[in-house]
Structure formats: structure tokens, C-alpha cells
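Have the viewer open as you read.

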Amino acid sequence: MTSTLVEPVDDDLWSAIGDPTRRRMLDLLLAEGGGTATSLSRQMPVTRQAVAKHLGVLDRVGLVRGDPAGRERRYRVDDAQLARAVAQLASVGSAWDARLRRIKRIAEEIQRTQSD
């Protein structure tokens, strides 16, 4: 039995999500319905410039979208891309669950044959 992913895993997307600072930024944007680099930097232990760079990474992979808001950009989470990431995670999780069940069956069979 083989498990196939519904869609290939997007390494750039997961690289972006893999950073704890960017995950925290996503949490804040989701909780607050959006924000600017300045508003996010007030809530994080990094500079505004660092926040802006992280937002750039999230924007490149489509997890956030920035719209002009005066002299800054207001960022919001792209729900469709976040749903895509969640679906990929669920698919990868299911594939690994299937692999682990198979490994368990093999180990149990080996144990049974050795105890006979």
C-alpha cells in the first residue's frame, strides 16, 4: 500500500512556516485581522526591519498580502494559501501515519515469528 500526497509539498512554503518568528507573526496577523511591520514589531523581540524582512518572505510564498496603508503596508493572512498549507500538513501527516502503521505491523510480525 502506498500513500500519495494530494499535492506536492511546497518546500518554499514550509521553509517560510518553519521559522518561529514568522509563525508568531502569522499568529498575530490572524488574531488581529492584519497589521503593519511597525505594529508587529511592537509585539515582537525583533526590529521593525527584521519584521519587514520576515513579512517579505511570507509575502513571496503567498501566506500574507500587503496593501498600501499610508506610508506603510498593511498585511493580512491569505486564507486560501493558509488552507493550502494546512491541507499539505494533513496530507503529509496521513502519509506518515500510514508508514508508521506499516512499520508497526512488520515489527509485530517479526516479533511473532521470533517467539515461535
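## The hairpin

Strands β1 and β2 make a hairpin, with two residues between them. In that turn, G70 has a positive phi of about 70°. The two strands run antiparallel and are joined by six bridges; for the record, strands count as paired if DSSP finds at least two bridges between them. Helix and strand labels here are DSSP runs numbered from the N terminus, with helices being H or I of at least four residues and strands being E of at least two.

Which residue in β2 is the bridge partner of V64? That's V77. Further along, D67 has R74 as its bridge partner in β2.

A word on where this comes from: it's a predicted model, where local features need pLDDT of at least 70 and side-chain atom pairs count only at pLDDT 80 or more, while totals for chains, interfaces and linings use all residues. Residues are numbered from 1 along each chain as its sequence is written, and side-chain values use heavy atoms, with hydrogens and water left out.

## Salt bridges

Side chains of opposite charge can pair when their charged atoms come close. The rule used here asks for a side-chain nitrogen of Lys or Arg within 4 Å of a carboxyl oxygen of Asp or Glu, and it gives six salt bridges. One of them pairs R48 with E72, at 3.1 Å from N to O. R48 sits in helix α4 (residues 48–60) and E72 in strand β2 (residues 72–77), so this pair ties together parts that are 24 residues apart in sequence. R48 is partly exposed, at 35% relative accessibility; the cut-offs are under 20% relative accessible area for buried, over 50% for exposed, and partly exposed in between, using a 1.4 Å probe and protein chains only.

Next up are R65 and D78, whose side chains form a salt bridge at 3.7 Å, N to O. This one also links distant parts of the chain: R65 is in strand β1 (residues 64–69), while D78 is in the loop between β2 and α5 (79–115), 13 residues away. R65 is partly exposed at 33% relative accessibility, whereas D78 counts as buried at 16%.

E109 and R112 also form a salt bridge, with their closest N and O atoms 2.8 Å apart. They're three residues apart in helix α5, so about one helical turn separates them. Both ends are partly exposed: E109 has a relative accessible area of 39%, and R112 comes in at 46%. Elsewhere, salt bridges with shared partners join D59, R65 and D78 into one network.

## Where α2 crosses α4

Two packed helices are described by the angle between their axes and the distance between the axes. For helix α2 (residues 20–32) and α4, the axes come within 10 Å and cross at roughly 85°. That makes α2 roughly perpendicular to α4. The axes are lines fitted to C-alpha atoms, for helices over the stretch in contact, with angles from 0 to 180 degrees between N-to-C directions. Under 35 degrees counts as roughly parallel, over 145 as roughly antiparallel, 65 to 115 as roughly perpendicular, and the rest as oblique.

So who touches whom? From α2, T21, R22, M25, L26 and L29 meet V51, H54, L55, V57 and L58 of α4, where contact means heavy atoms within 4.5 Å. By class, that's seven nonpolar, two polar and one charged residues. Nonpolar covers Ala, Val, Leu, Ile, Met, Phe, Trp, Tyr, Cys and Pro; charged covers Asp, Glu, Lys and Arg; the others, Gly among them, are polar.

K53 is in helix α4 too, and it's exposed, with a relative accessible area of 66%.

Is Q81 buried or exposed? Q81, in helix α5, is buried at 13% relative accessibility. Leaving aside neighbours within four places in sequence, Q81 is in contact with L13, V61, G62 and L63.

T36 lies in the loop between α2 and α3 (37–41). T36 is buried as well, with a relative accessible area of 13%. Not counting residues up to four places away in sequence, T36 touches E72, R73 and R74.
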